[in-house]
Amino acid sequence: YKNKDYTTALEHLDTVASRIKFYAEIQLIVGDIYYNRDNFSSAVSYFDKAFEYGLLSRKTEYYTRLKRATCNYKTSNYKEAIEDLKKVRKYNPRNFKSIVLMAAINLKQDNDREALRYLILAHRYRPKSNSLLLKIGNLYYKKKDHRYLTYYQKLYTRTKDTNPVPNKYLV
């Protein structure tokens with residue numbers, strides 16, 4: 001694991017984790033490896049065991065909950081993701097990733113009002129984000145709310161002088 005040979009590490013650590021379930025540090029490491037490999041359902045399983053059997057520091061719990069929320073979002077387990085994100089936001093209400101993830105979950109659940117609330121909050125913390133301007137503008141447009149014009153105008157003003165097509169594609 002320390003040599004970054006995650007395939008070999010996973011072979012060995014997965015065996016240890018399955019035999020000694022209460023070894024929370026191993027559960028976290030295996031969960032991280034699966035998380036980094038985008039195997040989200042396996043990662044959740046190991047993160048769950050780490051929470052069940054381990055006494056995690058506040059910092060470790062914070063980051064593990066954020067990762068588990070991401071995994072649950074990616075596997076469409078929104079209720080579980082929201083539970084973790086609420087706890088993450090208790091520790092750090094300004095955590096950008098948790099705010100954007102809450103917006104994404106609400107969008108997936110067609111809860112545009114809550115999604116918009118989270119996107120506006122995220123925009124407060126990252127005012128230079130063009131993608132947030134676009135998403136907020138799109139939601140206002142969908143609601144037939146004239147405020148979409150403000151966001152589209154800001155986006156246009158920021159991007160009007162940039163060439164959206166790389167030079168290598170221009171003839």
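Reader: Which side chain does Glu61 meet in a salt bridge?

Author: Side chains of opposite charge can pair when their charged atoms come close. In this predicted model, Glu61 pairs with Arg65, at 2.9 Å from N to O. Both belong to helix α4 and are four residues apart, which means about one helical turn separates them.

Reader: Is Arg65 buried or exposed?

Author: The cut-off for buried is under 20% relative accessible area. Arg65 has 9%, so Arg65 counts as buried. Glu61 is buried too.

Reader: With which residue of helix α5 does Arg65 pair?

Author: Arg65 forms a salt bridge with Asp84, with 2.6 Å between the closest N and O atoms. Arg65 is in α4 and Asp84 in α5 (residues 78-91), so the pair ties together parts 19 residues apart in sequence. Asp84 is buried, at 3% relative accessible area.

Reader: How many salt bridges does the structure hold?

Author: Eight. Another one of them links Asp145 and Arg147, at 2.6 Å from N to O. Asp145 is buried at 14% relative accessibility, while Arg147 is partly exposed at 40%. Elsewhere, shared partners join Asp48, Glu61, Arg65, Arg68 and Asp84 into one network of salt bridges.

Reader: What span should helix α3 have?

Author: Helix α3 runs over residues 40-53, and at 1.5 Å a residue its 14 residues should span 20 Å. The end C-alpha atoms are 20 Å apart, which agrees. Its buried residues include Phe40, Tyr46 and Phe51, and their cover includes α1, α2 and α4.

Notes: Residues are numbered from 1 along each chain as its sequence is written. This is a predicted model: local features need pLDDT of at least 70, side-chain atom pairs count only at pLDDT 80 or more; totals for chains, interfaces and linings use all residues. Side-chain values use heavy atoms; hydrogens and water are left out. Helices (H or I, at least four residues) and strands (E, at least two) are DSSP runs, numbered from the N terminus. The expected span of a helix is 1.5 Å times one less than its number of residues. Buried means under 20% relative accessible area, exposed over 50%, partly exposed in between (1.4 Å probe, protein chains only). Contact means heavy atoms within 4.5 Å. A salt bridge is a side-chain nitrogen of Lys or Arg within 4 Å of a carboxyl oxygen of Asp or Glu.
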